[in-house]
Amino acid sequence: MLILLIVDCTVSSLQGMAFSLEERLQLGIHGLLPPCFLSQDVQVLRVLRNYELKKDDLDRYVFLMGLQDRNEKLFYRVLTSDIERFMPIVYTPTVGLACQQYGLTFRRPRGLFITIHDRSHISTLLQSWPEKDIRAVVVTDGERILGLGDLGCYGMGIPVGKLALYTACGGMPPQQCLPVMLDVGTDNEELLKDPLYIGLRHKRIRGQAYDELLDEFMKAITDRYGVNCLIQFEDFANINAFRLLSKYRNKYLTFNDDIQGTAAVAVAGLLAALRITKSKMHNHTIVFQGAGEAAMGIAELIIMAMEKEGLPREQCIKKIWMVDSKGLIVKRFAHEHAQMKKLEDVVKELKPTAIIGVAAITGAFTEEIIKAMASFNERPIIFALSNPTSKAECTAEQCYTLTEGRGIFASGSPFDVITLPDGRKFYPGQGNNAYVFPGVGLGVTACAMRHIPEDIFLITAEAIAELVTEKDLAEGRLYPPLNSIREVSFKLAVKVSSTLKLQP
C-alpha cells in the first residue's frame, strides 16, 4: 500500500503524462500511465477545458486546489499562464467563500495545523513537516478572515492562497513555503455547532496561554528553519495584530500583511493618484471608513510619506480622519471637532480629497457620499478596499458613473472594465496585496535579513507607483496590470534587497 502511494505521488505531483518513456522506465511507472506523451502545454489546454466546464467560482477553486494536490508543476503553469484570470479564484474574492466552505472542500492538508493543546512540543510537531528548507511561513489564527470575521480553523485557506502567490507572483519554490494554522478555538457559534467543522470545538483561548503559544511558535520556527525564515502574519484580529507586530518585529524576520502590506499597496495607489491630481500627499485630507489594523497601517504610512515631503508629523496627523462604528474619531489623532455619527455628515463637513474604506461595510460609500466627493473635488479619490467583493464600500461602476468619470478608484477585490455612456472605458485598479508581499518576501529572504524596517513599506509603495505608466493612469489603473506582476515582484525584490544592503 505504501509503495502504491509513493508511486501515485510520483506520477501525479511531478509531470504526469509529460514523463518520457525513459523516465517512466527509470521511475518504475511504465504501464501506470496511458501510452500517450503529452507536453505540459497540451496538459494546460486540458486543464483549461475542464476549468471552463465548472459552474461557479467555488467549483473552480476546488478544481484548481485539486490540481495543486495532483500536479503542482502543472498548477503553477496554469496559474502563471493568465494570472489576471486565475488570481481572483485562488485569492480574493473566491478564497473568502472557500474559507467559509472549508469543511466541505477540504481534501488533504496543505499546511501545518498547530493547536493551543500543542504547547511545549511545537518544535517536535514541526518535525512532521517533510521539508527542511523553509524560507517563508504564512500564519493565521483565523479570527478575522478578510471581512468575514472569525472562521476559526477554516482560515487555513488564507495562508495556502497567500503562499501560492509567493510562487506564482514571486517565483519562490513552493517547497520552501509553509502555511500554518494556529487553532486556539473559535467564537463563531455556527461553526461550533457544525458537525463538518474541522477545528477545535471550544471558545477561543486568550491571555497568557495564547501568548505562550505564539512565543513558542516563533522560537520553534526560527530554531528549525533559521533566523532568516520570513514569518508573515495574516488575518489576526485587531486585539492581537498590533501588539504581536510590536512584540516580534525587531526580534524576528516578520511583518503583518493586513497592517503593513495593505498600507503599502494603498499608499502605492495614492502615490499613483497624485500623478493624476498633480499634487503632493500633504495637500490632501483623507477620511477613513474604519479604524482597525488596515486603517491604522495605511494612516501611519501616509504620515511617513507626508513627513518625507517635509510636513511636520503634528501637521500630518491633522490631515487624517477616521470614522468607526461609533462615528467620527476625535481622540486617536487628537482632532478637536464636534462628534458626528454618520460618514455622510463627516464627508460633507470636512470635504476630504480622498476617502478610504477598510471596515468591510457593504455600500458604506453611498450615492450621496460619492456625489458629495465629486462636488468639491475635480478628481475625487475613492478607495473601496474591503474584501471580498460583497463587502466593498461601493462598486467601480458606482464610482465612475456618479462622478461622471472623474473619480480615481481602487478596490480590494477585482471589478470588470466599466464603459460609460459616452464610450469612455475604465480599468478599475485593484489594491491587491499580491503587489507587495511576494516581492518583499523575495527581497528580504534573498539578502538574509534579520528584521524588516518600517521604511521598506514606503519604499515598496513608491516602487509600485513608479511602475504605473501614463497609459495605465489614462485607463483608470492605479497599479501595473496584473499580468505583469511577476516582473513587478522581481523589480520590487531588487529594490528592497538593494535598499536593505545599504542600511547599517
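These are my notebook entries on what I looked up in this structure.

**Ground rules.** I am working with a predicted model, in which local features need pLDDT of at least 70 and side-chain atom pairs count only at pLDDT 80 or more, while totals for chains, interfaces and linings use all residues. I number residues from 1 along each chain as its sequence is written, and the side-chain values use heavy atoms, with hydrogens and water left out.

**Entry 1, the sheet.** I took helices (H or I, at least four residues) and strands (E, at least two) as DSSP runs, numbered from the N terminus. I looked up an open sheet of 5 strands and found the order β1-β3-β2-β4-β5, with parallel pairing; two strands pair if DSSP finds at least two bridges between them. The edges are held by β1 (112-115) and β5 (254-256), each with a single partner strand, so one side of each is left without a neighbour in the sheet. On average, neighbouring strands of this sheet are turned by 20° against each other, direction ignored. I then followed β1 to strand β3 (residues 177-183), with which it pairs in the parallel sense over 4 bridges, and I noted that Thr115 has Asp183 in β3 as its bridge partner.

I checked how helix α14 (residues 257-277) lies against helix α15 (residues 293-308): their axes come within 8 Å and cross at roughly 55°. Axes here are lines fitted to C-alpha atoms, for helices over the stretch in contact, and angles run from 0 to 180 degrees between N-to-C directions. The two helices are therefore oblique to each other, since angles under 35 degrees count as roughly parallel, over 145 as roughly antiparallel, 65 to 115 as roughly perpendicular and the rest as oblique. For the contact (heavy atoms within 4.5 Å), I listed residues of α14 including Asp258, Ile259, Thr262 and Leu270, which meet residues of α15, among them Glu293, Ala294, Gly297 and Ile302. The residues of this contact divide into 10 nonpolar, 2 polar and 2 charged, where Ala, Val, Leu, Ile, Met, Phe, Trp, Tyr, Cys and Pro count as nonpolar, Asp, Glu, Lys and Arg as charged, and the others, Gly among them, as polar.

I turned to helix α12 (residues 208-225) and helix α13 (residues 238-248), which pack at an angle of about 40° with their axes 12 Å apart, and that makes α12 oblique to α13. In this contact, Tyr210, Asp211, Leu214, Asp215 and Met218 of α12 meet Asn240, Arg243, Leu244, Lys247 and Tyr248 of α13, and I sorted these residues into 5 nonpolar, 1 polar and 4 charged.

**Entry 4, β6, β7 and Gln289.** I saw that strand β6 (residues 286-289) runs parallel to β7 and is joined to it by 4 bridges, with Ile320 in β7 as the bridge partner of Ile286. In strand β7 (residues 320-324), 4 of the 5 residues are buried, so this strand is largely enclosed by the rest of the structure; buried means under 20% relative accessible area, exposed over 50%, and partly exposed in between (1.4 Å probe, protein chains only). Gln289 has its place in strand β6 and is buried, with a relative accessible area of 7%. Leaving aside its neighbours within four places in sequence, I found Gln289 in contact with residues including Val323, Leu343, Ile356 and Phe365.

Pro173 and Asn71 stand 102 residues apart in sequence and 14 Å apart in space, C-alpha to C-alpha.
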